[in-house]
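Here is a short briefing on one chain.

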Amino acid sequence: MTVPTLLVLDADPLPRLGRLTGRVRVEHADASTLAGRLPAADVLLVWDFASDAVRRAWPGEGPRPRWVHTASAGVDHLLCPELVASDTVVTNARGIFDRPIAEYVAALVLAFAKDLPRTLELQRERAWRHRETRRVAGTRAVVVGSGPIGRAIAGTLGALGARTALVGRTARSAVHGPEDLDRLMAGADWVIAAAPLTGRTRGMFDTRRFGMMQPSAYFLNVGRGQLVVEEALARALRGRWIAGAALDVFAAEPLTPDSPLWELPGLVVSPHMSGDTVGWRDELGAQFVELYERWAAGLPLVNVVDKQRGYVPGH
């Protein structure tokens, strides 16, 4: 009986594959060796989900893995025309990051509402300065992206008393379509980007959309960096078109020390960490093991990405 070959696009630390020990031949690759090892692989695990090596290596000659799994929610870093057109099944880590990202967004909303960044600044200055803060209950939040992460964010903010609206690719029960986004943003206190990166969503938050937000509103992005035209956000913050913003994802990562984004007034910068809680890598490894066992048994895989759309359908 032939032992399947699992190729892992490495990142440190390596995944724990537990029950797969002895049942699969594990090989490793980095960006420089991936293209040469793809033809011999039955399955590719994209453990280094920050790399675009798959997109660059896939168009080469020879056989390709029958299944690609990425240890991330987004798949834009690996999809290329050749992979999209192939019979290869692509799956993602849907379900791992929903609650952690929702908690992170709630923490940012509360921090902004309660003016915590300024409180910490004043503490460092030893300045006793009383201020009034905002209630979250009764405010209006628009969550752009109606998948599991977006729904978890909406539910968590709803538990804080915010009135939430979800915006998705198409209108359906409890979800607004893109045609409602401008109207909803114009009346929102919180605009949260949690959409996948597709041809439709790239650069969707631009000068026009920041210009329609209220001066008291905040913008948060926990989706993909390329959803936002960063120069437009910088202009909005410098011009005080909006009250503030938080970015956990960026067009180019890591953010370089000389980036002007670090010093923008009212901007909270975090290093793509909103979904990364203690033990998250072990959860990703365990999820892949479960998926592999389904694949090896000939059972239908879950978390299958619609490669044309760029995300898992059904939400």
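**Aromatic pairs, a helix and a loop**

Y292 and W295 both lie in helix α10 (residues 280-296), three residues apart, which is about one turn of the helix. Helices (H or I, at least four residues) and strands (E, at least two) are DSSP runs, numbered from the N terminus. The model is predicted: local features need pLDDT of at least 70, side-chain atom pairs count only at pLDDT 80 or more, and totals for chains, interfaces and linings use all residues. Residues are numbered from 1 along each chain as its sequence is written, and side-chain values use heavy atoms, with hydrogens and water left out.

**Aromatic rings**

- A pair of aromatic rings is described by the distance of the centres and the angle of the planes.
- Rings of Phe, Tyr and Trp (its six-membered ring) pair if their centres lie within 6.5 Å; planes under 30 degrees apart count as stacked, over 60 as edge-to-face and the rest as tilted.
- By this rule there are eleven aromatic pairs.
- W190 and Y218 are stacked, because their ring centres are 5.2 Å apart and their planes are at 25°.
- This pair links distant parts of the chain: W190 is in strand β8 and Y218 in strand β9, 28 residues apart.
- W190 is buried, with a relative accessible area of 0%; Y218 is buried too, at 12%.
- Buried means under 20% relative accessible area, exposed over 50%, partly exposed in between (1.4 Å probe, protein chains only).
- Y292 and W295 form a tilted pair, 5.4 Å centre to centre with 45° between the planes.
- Both Y292 and W295 are buried.
- One aromatic cluster is formed by W67, F288, Y292 and W295.

**Charge over a ring**

- The charged end of R64 sits over the ring of W58, 5.9 Å from its centre.
- The rule asks for NZ of Lys or CZ of Arg within 6 Å of the ring centre and within 35 degrees of the ring normal.

**Helix α9**

- Helix α9 spans residues 230-238, and its buried residues are E230, A232, L233, A234, A236 and L237.
- These buried residues pack against α8 (207-212), β9 (218-221), β10 (244-247) and β11 (267-269); contact means heavy atoms within 4.5 Å.
- Just after α9, R240 takes a positive phi of about 60°.

**Loop residue T201**

- T201 lies in the loop between β8 (190-193) and α8.
- T201 counts as buried because its relative accessibility is 13%.
- The side chain of T201 reaches the backbone oxygen of P196 at 2.7 Å.
- A polar atom of that T201 side chain lies 2.8 Å from the backbone nitrogen of T198.
- Not counting residues up to four places away in sequence, T201 touches A195, P196, Q226 and L227.

Conventions: A polar contact is a pair of N or O atoms within 3.5 Å; within protein, one must be able to donate a hydrogen and the other to accept it, and residues adjacent in sequence count only if both atoms are side-chain atoms.
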